[in-house]
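Let's take a friendly look at some aromatic rings and their surroundings. Have the structure in view as you read.

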Amino acid sequence: MLRNKTKKELLDFFKDVKFNIYKYSKNDIIALEKSPCNKIGLVLDGNVDIKRILTSNKVVHLSSFSRGCLFGEIIAFSDEKLYPATVISSSESEIMFIDKDDFIHFCTNHPDFLKLFLNDLTNKIITLNKSITGLSFSSIKQKICNFLIQESNTQGSNFIKLNMTKQKLSEYLGVPRPSLSRELINMKDLGLIDYTRDIIKILDKEALESILMD
């Protein structure tokens, strides 16, 4: 939503609202799952990851945010007001926190920002629904196929540019990293896909779609 703005521009943009700024090192926990959420976070610098850490020590990567991205806004305005996942600083980062009531006041006085905010909120809900759909498939191959088809439709191409590492992709899909690598190799051998380090090319989209129906 505010991704094209520099840190200085972000600070100037929110100059008439109360906020606090905190700095984090790589792998610092910004907020634990089930901890209270009554403030909206804005990434001023660096990157943060949203992850579910399950009882089996399995990690599910839900999303990543960089400079200009808000987080916690959906939870802050919910009835429960508890973080459903853990927020982790994936690099050195700087986060602005705005109290929920101050954020509402800011939106009321800045209708153009309110439109951007609601659009961003809607897109996040759609992305979350897609993530939940992907986790509902039983096999690793189906999860990969669903991800590739969604990304192909979003990027408008059969050449899928990965915006995350293979480790984060495995967490996003909810599968072990070695299992993801083995299945990608298997799908390549079957002539379904080809890939390099950060590009996956779909060779047979109809076959991928049929796998989802199995």
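## A buried ring and its partner

Phe 103 has a relative accessibility of 1%, so Phe 103 counts as buried (buried is under 20% relative accessible area, exposed over 50%, partly exposed in between, with a 1.4 Å probe and protein chains only). Phe 113, at 2%, is buried as well.

This is a predicted model, where local features need pLDDT of at least 70 and side-chain atom pairs pLDDT 80 or more, while totals for chains, interfaces and linings use all residues. Residues are numbered from 1 along each chain as its sequence is written, and side-chain values use heavy atoms, without hydrogens and water.

## Rings in pairs

The structure holds 13 aromatic pairs (rings of Phe, Tyr and Trp, with its six-membered ring, pair if their centres lie within 6.5 Å; planes under 30 degrees apart are stacked, over 60 edge-to-face, the rest tilted). In one of them, the centres of Phe 13 and Phe 14 are 5.0 Å apart and the planes are at 75°, so this pair is edge-to-face. Phe 13 is partly exposed at 26%, whereas Phe 14 is buried at 0%.

Ring pairs join Phe 13, Phe 14, Phe 77, Phe 103, Phe 106, Phe 113 and Phe 117 into a cluster.

Phe 77 sits in the loop between helix 2 (73-76) and strand 7 (86-89) (helices, H or I of at least four residues, and strands, E of at least two, are DSSP runs numbered from the N terminus). With 38% relative accessibility, Phe 77 is partly exposed.
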